[in-house]
Amino acid sequence: RSQMPSWEERFKQLVDYKNAVGDFNLKTASSSLRNWVDNQRRDNKNKKATMTQSKIQQLEGIGFEWVGKKGYTAAKGVK
């Protein structure tokens, strides 16, 4: 059974995606990365303890969009 990627590994995947594509819409990203991004947005919105200030700063440091474009839900790939 494979181990889930760490937060840092997913963050690196997100950085790589942004560098390659130029945005956070994730239309061509893997479903697991889309789900991870949705979880980051939800955890921040719900003030979850797992969303630390350090994680917020890292995400904001790459220009992360806390709300998807025009109601876009990354995991579903639709509005």
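Met51 is found in the loop that links α2 (31–45) to α3 (53–61), where helices are DSSP runs of H or I with at least four residues, numbered from the N terminus. The model is predicted: local features need pLDDT of at least 70 and side-chain atom pairs count only at pLDDT 80 or more, while totals for chains, interfaces and linings use all residues. Residues are numbered from 1 along each chain as its sequence is written, and side-chain values use heavy atoms, with hydrogens and water left out.

With a relative accessible area of 8%, Met51 is buried (under 20% relative accessible area, with a 1.4 Å probe and protein chains only). Leaving aside residues up to four places away in sequence, Met51 touches Gln40, Asp43, Asn44, Ile56, Leu59 and Trp66; contact means heavy atoms within 4.5 Å. The C-alpha atom of Met51 is separated by 9.8 Å from that of Asn39, 12 residues apart along the chain.

The largest nonpolar core holds 14 residues, such a core being a set of buried Ala, Val, Leu, Ile, Met, Phe, Trp, Tyr and Cys residues joined through side-chain atoms within 4.5 Å. Those that touch the most other members include Leu59 and Phe64. Two or more residues each come from α1 (7–21), α2 and α3, and α1 gives the largest share, 4 residues.

Across the whole structure there are 4 aromatic pairs, that is, rings of Phe, Tyr and Trp (its six-membered ring) with centres within 6.5 Å. Phe64 and Trp66 have ring centres 4.9 Å apart and planes at 80 degrees, so this pair is edge-to-face (over 60 degrees). Phe64 is itself buried, at a relative accessible area of 6%. Trp7, Phe11 and Trp36 together form one aromatic cluster.

Conventions. Buried means under 20% relative accessible area, exposed over 50%, partly exposed in between (1.4 Å probe, protein chains only). Rings of Phe, Tyr and Trp (its six-membered ring) pair if their centres lie within 6.5 Å; planes under 30 degrees apart count as stacked, over 60 as edge-to-face and the rest as tilted.
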